[in-house]
Amino acid sequence: MTSHEQPDKNLAGVSKDLEQTAVNSHQAQQQQQDKNDRRHQDALNHDEPTDLEHQRS
């Protein structure tokens, strides 16, 4: 099996989380916070073009 045929485990977990329907406002808020946390972490993982010029030691 090549890497193109294997599903991404992280994306599979995220998609399962997003498919859930909240049963109350607290659970809905928790799901929204998880979504925001993933977006924030994704933003942190992307390098800015200026970061390539001034690499951290």
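Modeller: The expected span of a helix is 1.5 Å times one less than its number of residues. This is a predicted model, in which local features need pLDDT of at least 70, side-chain atom pairs need 80 or more, and totals for chains, interfaces and linings use all residues. Residues are numbered from 1 along each chain, and side-chain values use heavy atoms, without hydrogens or water.

Colleague: How far apart are the end C-alpha atoms of α2?
Modeller: α2 covers residues 25-45. Its 21 residues should span 30 Å at 1.5 Å a residue, and the end-to-end C-alpha distance agrees, at 30 Å.

Colleague: Which pattern does the chain follow along the sequence?
Modeller: Helices are DSSP runs of H or I with at least four residues, and strands are E runs of at least two. The chain has three helices and zero strands. Read along the sequence, the pattern is therefore α-α-α.

Colleague: What share of the chain is buried?
Modeller: Buried means under 20% relative accessible area with a 1.4 Å probe. Of the 57 residues in the chain, the buried share is 0%.

Colleague: Which helix gives the largest share of the lining of the largest pocket?
Modeller: A pocket is an open set of 1 Å grid points where a 1.4 Å probe fits, with protein on both sides within 12 Å along at least five of seven lines; lining residues have an atom within 4 Å of a point. Here the lining is Asn10, Leu11, Val14, Leu18, Lys35, Arg38 and Arg39. The largest share, four residues, comes from α1.

Note on methods:
Buried means under 20% relative accessible area, exposed over 50%, partly exposed in between (1.4 Å probe, protein chains only).
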